[in-house]
Amino acid sequence: MVTIKDVAKEAGVSVATVSRVLNNKGGASTETITHVENIIKKLNYKPNRLAKSLSEGNSNLIAFLVPTLNNPFFPELVKEVEKFANENGFNILLCNSDDDRAKVEYYLDSMIDHYVSGAIINSLHVGPNDLAVLEERGIRTITIDRANFEHPYSAITVDHSLGAQLAVTHLIRDEQCKNLVFISGPKNEKSAIDRLTGFTLALNESENPVKTTICYGDFGIESGYENAKALIQTGKSFDSIFCANDAMAIGAMRACHEFGFQIPNEVKIVGYDNVSLSSYMYPPLSSVDQCKRDIGKLAVSELIHLIKHKNQKPKQYHLEPSLVIRKSSGGN
């Protein structure tokens, strides 16, 4: 591996001169700068970013802790975060926790070991004390959505109660659906609880009677499929299904297709997340859009602002989702 010393020797200058050229700090003639740059290209020298991070105690890395990559929403969110981070000169250290506390602890330690400058946290298994440790180490933080606690650091939340209200109101408006199934996420997961709250509020505000059935999944495709399949096999009567995320809605659609239910003529289905795959389902899936592009851009911009301005006070951001109506619930 070519080192900065090799470049200096080949160019006939000091290591300090090469360093100034690499960091655009001047201190050398135009001829010397051009000569050193040509030697760098000739030797194909690449600066050791890790060594620089170790010497400076920070890096151009932003850690992004996600709960899973099985839910299609999170890979799409990762893509948005990475895009905006790269545009601003930062790289992403992706940490997939699989919602496992042991893996969370491993990645929290890795963030410190890699001298990340900031961390975007989306995990039920990160608490206020974890954030405090990162902040004390100079790692600025921002949480997204899933935190089950109040904390003094920057945060982005989405009004999932409103999102569920929009979906359920759409299904039951004008007595369109009278027998509604809600496939919720895990009972202890904050965003799932918020969506269940919105589901209940929409029913309470309805002037028309609606029969309801609530099942619980794990946000995975299979749990949506198994819940819908079980309802069908037990002879449960329903004319609509609202799922707490698109993955479970896709599973529920598969079960309905297998048992010959026509969507939307016999069963109307609405999901949540508006992942890219939703518009390619058959029929295209209606879904609540929870602003992943806005989340990605906002998380990165806020974190970079915190990194560059050490005394900057944290901020709390609240986003409102919208409903995208497609053919699965009777749209055009």
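Colleague: What should I know before I start?

Modeller: The model is predicted, so local features need pLDDT of at least 70, side-chain atom pairs count only at pLDDT 80 or more, and totals for chains, interfaces and linings use all residues. Residues are numbered from 1 along each chain as its sequence is written, and side-chain values use heavy atoms, with hydrogens and water left out.

Colleague: How are helices and strands named?

Modeller: They are DSSP runs, numbered from the N terminus: helices are H or I with at least four residues, strands are E with at least two.

Colleague: What holds the strands of a sheet in pairs?

Modeller: Strands of a sheet pair through backbone hydrogen bonds, either parallel or antiparallel. Two strands count as paired if DSSP finds at least two bridges between them. Here, six strands form an open sheet with parallel pairing, in the order E2-E1-E3-E4-E5-E11.

Colleague: Which strands stand at the edges?

Modeller: Strand E2 (91–96) and strand E11 (316–319) do. Each has a single partner strand, so one side of each lacks a neighbour in the sheet. From one strand to the next, the twist averages 15 degrees.

Colleague: Over how many bridges do E4 and E5 pair?

Modeller: Strand E4 (residues 140–144) and strand E5 (residues 154–158) pair over three bridges, in the parallel sense. Thr143 has Ala155 in E5 as its bridge partner.

Colleague: How do H6 and H7 pack?

Modeller: Helix H6 (residues 101–113) and helix H7 (residues 128–136) make an angle of about 15 degrees, and their axes are 10 Å apart. Angles under 35 degrees count as roughly parallel, over 145 as roughly antiparallel, 65 to 115 as roughly perpendicular and the rest as oblique. H6 and H7 are therefore roughly parallel.

Colleague: Which residues meet there?

Modeller: Arg101, Leu108, Met111 and Ile112 in H6 meet Asp130, Val133 and Leu134 in H7. This contact of H6 with H7 has five nonpolar, no polar and two charged residues. Ala, Val, Leu, Ile, Met, Phe, Trp, Tyr, Cys and Pro count as nonpolar, Asp, Glu, Lys and Arg as charged, and the others, Gly among them, as polar.

Colleague: And H1 with H3?

Modeller: The axes of helix H1 (residues 4–11) and helix H3 (residues 30–43) come within 9 Å and cross at roughly 125 degrees. H1 and H3 are therefore oblique to each other.

Colleague: What do E6, H9 and E7 make?

Modeller: E6, helix H9 (residues 190–205) and E7 make a right-handed β-α-β unit. Right-handed means that, with the strands pointing away from the viewer, the path from the first strand over the helix to the second runs clockwise. Strand E6 (residues 179–184) and strand E7 (residues 211–216) pair in the parallel sense over six bridges. Leu180 stands opposite Thr212 in E7.

Colleague: Where are the cis peptide bonds?

Modeller: One joins Ile263 and Pro264, with omega about 10 degrees. Pro264 is in the loop between helix H11 (246–258) and strand E9 (268–273). Another runs from Tyr282 to Pro283, with omega near -10 degrees. Pro283 is in the loop between E9 and strand E10 (286–289).

Terms used:
Axes are lines fitted to C-alpha atoms, for helices over the stretch in contact, and angles run from 0 to 180 degrees between N-to-C directions. Contact means heavy atoms within 4.5 Å.
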